[in-house]
Amino acid sequence: MLKETIQAALNNQIQTEAFSSQIYLAMASWAETEGLGGTAQFLYKHSDEERMHMLKLVQYVNERGGKALIPQLNQPAKEYKSLTNLFQTLLDHEVMVSNEINNLVDICLSEKDYTTHNFMQWYVAEQIEEEALARTIMDKLNMIGEDKGGLYLFDRDIESISIVNNLDSK
Ligand code: OFO
């Protein structure tokens, strides 16, 4: 049985993952309407990934005898000034998510819930990969700057980048 504190922390994380999925869906839709088809596909996949992160938590909470809360979501941003602005927002968001996950891991240790601590290690590893990927993308965009040809190639190539990590994502 999950302790109240752990259940509350996991439900909070469910909300974060659900909102991440929603933000990336809005980003994908923006990119699609800007003619950035490759970026849109990358972000649609990223949004699906975040939904999977949320689902994994929902099922974990329920399996451990708790009650998962499906949250109401706020409206994500509708517009971005540029691709660089969009991916900087994504990177900042992932850094925030990493901090939340670290915080949750801390709570697991102070509550001596080693099962949830173990479960959360998948998220810890996932965040390392997601942050690294977002930083690599930002490095590329900073290099390209305003160069239209460079942005065209960026949009073409990003479609084939997968955010799925090597760990079992089911
Ligand atoms: Fe991108 O974060 Fe989920 O965990």
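Reader: Which residues of helix 1 meet which residues of helix 3?

Author: Contact here means heavy atoms within 4.5 Å. In helix 1, I6, A9, L10, N12, Q13, T16, E17, S20, I23, Y24, M27 and W30 meet L83, L86, T89, L90, H93, E94, V97, E100, I101, L104, I107 and C108 of helix 3. By class, the residues of this contact are 15 nonpolar, six polar and three charged; Ala, Val, Leu, Ile, Met, Phe, Trp, Tyr, Cys and Pro count as nonpolar, Asp, Glu, Lys and Arg as charged, and the others, Gly among them, as polar. The model is a predicted one, in which local features need pLDDT of at least 70, side-chain atom pairs count only at pLDDT 80 or more, and totals for chains, interfaces and linings use all residues. Residues are numbered from 1 along each chain as its sequence is written, and side-chain values use heavy atoms, with hydrogens and water left out.

Reader: At what angle do helix 1 and helix 3 cross?

Author: Axes are lines fitted to C-alpha atoms, for helices over the stretch in contact, and angles run from 0 to 180 degrees between N-to-C directions. Helices are DSSP runs (H or I, at least four residues), numbered from the N terminus. The axes of helix 1 (residues 4-33) and helix 3 (residues 83-110) come within 11 Å and cross at roughly 170°. Helix 1 is therefore roughly antiparallel to helix 3, a term for angles over 145 degrees.

Reader: How are helix 2 and helix 4 arranged?

Author: Helix 2 (residues 37-63) packs with helix 4 at an angle of about 170°, their axes 12 Å apart, so these two are roughly antiparallel to each other. Their contact has ten nonpolar, four polar and five charged residues.

Reader: How many aromatic pairs are there?

Author: Rings of Phe, Tyr and Trp (its six-membered ring) pair if their centres lie within 6.5 Å; planes under 30 degrees apart count as stacked, over 60 as edge-to-face and the rest as tilted. The count comes to six aromatic pairs. One of them is edge-to-face: the ring centres of F87 and F154 are 6.0 Å apart, with the planes at 75°. This pair links distant parts of the chain, F87 in helix 3 and F154 in helix 5 (residues 148-158), 67 residues apart.

Reader: Is F87 buried or exposed?

Author: Buried means under 20% relative accessible area, exposed over 50%, partly exposed in between (1.4 Å probe, protein chains only). F87 is buried at 1% relative accessibility, and F154 is buried at 6%.

Definitions and conventions. Angles under 35 degrees count as roughly parallel, over 145 as roughly antiparallel, 65 to 115 as roughly perpendicular and the rest as oblique.
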